[in-house]
Amino acid sequence: MAYIQDIATHEGEQVTINGWLYNRRSSGKIHFLQVRDGSGFIQAVMSKATVGEEAFTQADHLSQETSLSVTGTVRADARARGGYEIDVISLEVHHEAHDFPITPKEHGVDFLLDRRHLWIRTPRQQAILRVRHEVINAVRDFFNQRDFILCDTPIFTPAACEGTTNLFPVQYFEDTTAYLTQSGQLYNEANAMALGRVYCFGPTFRAEKSKTRRHLTEFWMVEPEMAYANLEDVIELAEGLVEYVVGRALDRRAAELNVLERDTTRLEKVKAPFPRLSYDEAARILIDKGLPFQHGTDLGGTDETVLSDLYDRPVCVHRYPAAVKAFYMKPDPAQPDKALGVDVLAPEGYGEIIGGGERVADYDLLVQRIEEHKLPREAFEWYLDLRKYGSVPHAGFGMGIERVVGWICGLEHVRETIPYPRMLYRLYP
Ligand code: 4AD
Ligand code: MG
């Protein structure tokens, strides 16, 4: 038994590949079987002369996604995708698939999303999911190598972290409402006071009612948090992370990026340090460009696209108006109407991939913020405790995995970056 990804190490040997038929072409005396095994795709060449009349005829009706084992000799072939082919000696069929709905022709996206459980078998989707795997592992390696402690945060939570408008309520036994977490940050802050530098990495949920190409209702976010750190520390960490993750995808997933026809020269430019813009500078650019942007409001998707299009690498926009940002953001002492927060916008119009900054460390100010945002104080008593017992400056950020994968892969929409996307009108399969 061998996996297609290791086929080069088996040149000249006889191997068996357990997989599925992706495509078949036949001429009178030869079947060209495109076989996939999850680790790759390879062409298996089955000639009547070698396998005999009976076996050859049995194979002439095999259809897409039939599960089979192919035994044959590995032969180098410069013309073959992947550089190798298999000369078939024998073939065993496990289960015949009939009328697999997703053929190599074009299908509409709703048709494909309804069949997402089958769609992921196709080369493009496999390539994207492999890049996702690389991004996730690169993120873990980055933080582990820097001695951040992985400290998980809960998914059932009693209160909001990122505003109350997009919370998902869940019935929690008879008389309690819990909410699916929007972010692990608040718990991360407690964990940082215990362990210094921590990160959490898990699914997060937001009842996003807007249909955009950047929003899912369930997405994965990695969130580092550091005690004794400020906005500058956060920007440097974010730059390092983004550079590392993109570098790993380029290093280890070149074949997949090639399947996706990604222009990797754009990704090769992603080197720290990244350009920085204050919110005020960003607002000026947008207004000068004639966009219908109001100074003092949050950046919209189009605004982000325009700004990120100006640079060949990500851009860090910092010091947004405190009024448009979350309750926990520390005000800038030099201009208290601005928050010490940063958003990292990916280039090529991909928009925000990271949001973070320095947190309010002062007890009284935090109480005031909780009241201003009309948040239920009882649910935040534990969070206020962090400002009662040895409060220190601290900072962190969150990076959305799907947005990063969408950008690295050069996709139109984040829905293809996760195996089973969840959106306003999509809960199936
Ligand atoms: O900017 P956000 O809302 O920040 C937070 O949640 C902070 N509490 C993080 C922190 O400081 N620990 O979200 C962070 C990132 C965004 O930049 C984006 O990449 C991603 O999460 N994100 C989404 N991705 C897909 N679909 C959505 N609906 C998303 N909302 C946010
Ligand atoms: Mg944000």
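## The pocket and its ligand

Let's start with the ligand: the space that ligand 1 takes up is the largest pocket. Keep in mind that this is a predicted model.

Ligand 1 has 23 residues around it, and the ones that come nearest are Glu162, Gln185, Arg206, Glu223 and Glu352. Sorted by class, this shell holds eight charged, eight polar and seven nonpolar residues.

## Who touches ligand 1

Ser183 brings a polar side-chain atom to 2.9 Å from a nitrogen atom of ligand 1. Arg214 uses its backbone instead, with an N or O atom 3.5 Å from a nitrogen atom of the ligand. There's an oxygen contact too: a polar backbone atom of Ile354 is 3.3 Å from an oxygen atom of ligand 1. On its own, ligand 1 has 630 Å² of accessible area, and the protein covers 94% of that.

Which strands each supply at least two residues of the shell? They are β11 (218-227), β17 (351-358) and β18 (394-400). Strand β17 gives the largest share, with five residues.

## Aromatic rings

Away from the ligand, we can turn to the rings. Across the whole structure, a search turns up 16 aromatic pairs. One of them is Phe327 with Tyr383, an edge-to-face pair with 6.1 Å from centre to centre and 70° between the planes.

This pair ties together distant parts of the chain, as its two residues are 56 apart. Phe327 belongs to the loop between β13 (315-318) and β14 (331-332), while Tyr383 is part of helix α13 (residues 381-385).

Most peptide bonds are trans, and most residues other than glycine have a negative phi. Here are some spots that go the other way.

Ala272 and Pro273 are joined by a cis peptide bond, with omega at about 0°. You'll find Pro273 in the loop between α9 (264-268) and β12 (276-278). Another cis peptide bond links Tyr428 to Pro429, with omega at about -5°, and Pro429 falls in the segment after α14 (401-409).

As for phi, Glu348 has a positive value, near 60°, though it isn't a glycine. Glu348 sits in the loop between β16 (341-346) and β17, and β17 is the strand with the largest share of the ligand shell. Lys374 also has a positive phi, near 50°, again in a residue other than glycine.

Terms used: Residues numbered from 1 in each chain as written. Chains lettered and ligands numbered in written order. Predicted model: local features only at pLDDT ≥ 70, side-chain atom pairs only at ≥ 80, totals over all residues. Heavy atoms only, no water. Near = heavy atom within 4 Å. Polar contact = N/O pair within 3.5 Å; in protein donor to acceptor, adjacent residues only side chain to side chain. Areas by Shrake-Rupley, 256 points an atom, 1.4 Å probe, with all protein chains shown as cover. 1 Å grid on protein atoms, 1.4 Å probe; cavity = no way out; pocket = protein on both sides within 12 Å on 5 of 7 lines; lining within 4 Å. Sits in = over half its atoms within 2 Å of the grid points. Helix = DSSP H or I, 4+ residues; strand = E, 2+ residues; numbered from the N terminus. Nonpolar A, V, L, I, M, F, W, Y, C, P; charged D, E, K, R; others polar. Phe/Tyr/Trp six-rings, centres within 6.5 Å; stacked < 30°, edge-to-face > 60°.
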